[in-house]
Amino acid sequence: MYLTDNLESIGVSLETSEPKPSIDQPGGLDLDVFDPQLFRKNAEMVISKLEEYLADSSIRGLSLTNPYILLQAAKDLMTSEGGVVTVEEKLAAIIDLYIKTGIQVHSPGYMGRQFSGVIPLAAVIDLISSTVNQPSSFYEAAQLPNVVERIMADEFNQFIGWERDSFAMVTTSGGSLASLTALLAARNDKFPRIWSEGILALEGQPRPAIAVGDAHYSISRAVGIMGIGEDQIVRLPINQKNQICIDKVRPTLEAAEKRGLKVFCLVASAGTTTMGAFDPIDELAAIAQEKNLWLHIDGAHGGSLLVSDQLRHKLKGIEKADSFILDAHKMMFLPAACTLLFYRNKPKSYGAFRQNASYVFEKKPDIYTEFDSAEQNFECTKRPLIMNLWVLWTLYGKALFASKIDYLCQLTLQAYEILNDEPDFQTLHQPEANILCFRYLPVNLRESAFPDFQVAIRNRIREGGKFFISKVDIEGKGCLRVVFMNHQIDGDRFRTLLREIRKIGQELLKESKPIHS
């Protein structure tokens, strides 16, 4: 199959033309690729295509391509097979292929994941960051990013209330890395010999353990990475709202102690991935203080509600946490990844890692190294993650983020009410943020005979390419899940999705006549 055939099968067109001779510089280095005018030409073409993409308000979800066809199309773009094309034409084809085969996060049909369509200006700032290329773990390499990281820490502290200069904030590439970093700081704080001597330093002592509620899977990964082991995760009972059941925390911790475990950290959620639930932080903080536990709050999804005057109360008690995280690439609508990791006690923010490296760390601190963050985070060459957030905050303030967060959470409540008025749909919880789980249960469904009915609906919707929603198991049973991240969605758009679910559900039942009543 030729290049044009592979691309056209995916819906990407490519016009061929005669090749232009390339000008090779002495030594084989083509310096033309560094030409500022060529950069402008390429950037203008890319921006033109992205402008068209952003202007498309049609309902479209995810159109899954056969990965082997896509693999071949990508390989063909690396050759001249199927007709010789210019660099400019190949670049255009690559951009079209990239856009077309991705999740359409800016479309009203996108309701499936927790990453969002970005505020377009943030992408422009990302272009600057990629071009000037300033790794931001050290002040000398990225002066402005390190300064504004301090500024944004103070901005967020307006909503937290810690004493100035007593706390710390560090940016990391994603919530998983942020939680791992915080849990390392917790472990090293409670077991200071582990860093240098390893787990064997605790031989003969109770085994270290971490208590969690409905935690993100990255917490289990962190426990494994730290050498604590998944068997030492203490599962705290959760209630019908998917929150940690506060009345059962103390008995569960005491039972763990009797089993020879020493719980040193309690991980709670501010916006669980499953249902968007918020654990009772204030009450958990009291238990953590009573039992000398490090309290870490995984607010990757819901931590951004701090900026909302209407919704901040869901994070009541956050100032009592030892550490917490929020992903700005989720509810603050920035390009991935940009995670903020906060510590209540600034000195403890240096506890996760302990190295000496003369090629980067200075033996004599000065006013410049005071702004370094390399000793607090795992990354050495780290993108200037904070710049997107700071620029938008500087231009528009918190209102830009708060208004969109408020709208999406209100939309989710509206969707909940719409579902409650539909007799063939079942809601599974009252939403606390912008995540809603539900089931389609028509009268002609015998669920015991079609246990994967909800998942089958979701998969058929994805194949249709019009909407993109997700699925999740609740109490062992599949359900449909929407995550509202796009302000272009409204109640009518959601009703359109429900009609699509009904249509597909009935199609599936007709295809499975022997097993429905």
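Predicted model: local features only at pLDDT ≥ 70, side-chain atom pairs only at ≥ 80, totals over all residues.
Strand β10, residues 470-474, has S470, V472 and I474 on its covered face, while K471 and D473 sit on the uncovered one. Strands here are DSSP E runs of at least two residues, and helices are H or I runs of at least four, numbered from the N terminus.

Numbering starts from 1 along each chain as its sequence is written, and side-chain values use heavy atoms, with hydrogens and water left out.

## The hairpin

β10 teams up with β11 (residues 477-483) in the antiparallel sense, over five bridges; pairing takes at least two DSSP bridges between strands. S470 has R481 in β11 as its bridge partner. Two residues separate the strands of this hairpin, and E475 in the turn has a positive phi of about 55 degrees.

## The largest pocket

This pocket has a volume of about 1,300 Å³. Its lining counts 32 residues, with L50, Y53, Y98, V118 and A123 nearest the centre. A pocket is an open set of points on a 1 Å grid over the protein atoms alone, where a 1.4 Å probe fits, with protein on both sides within 12 Å along at least five of seven lines; lining residues have an atom within 4 Å of a point. The volume is the space filled by probe spheres set on the points, which are joined across faces, edges and corners.

Helix α2 gives the most to the lining, nine residues.

Technical notes. Buried < 20%, exposed > 50% of the residue type's maximum accessible area, 1.4 Å probe, protein only.
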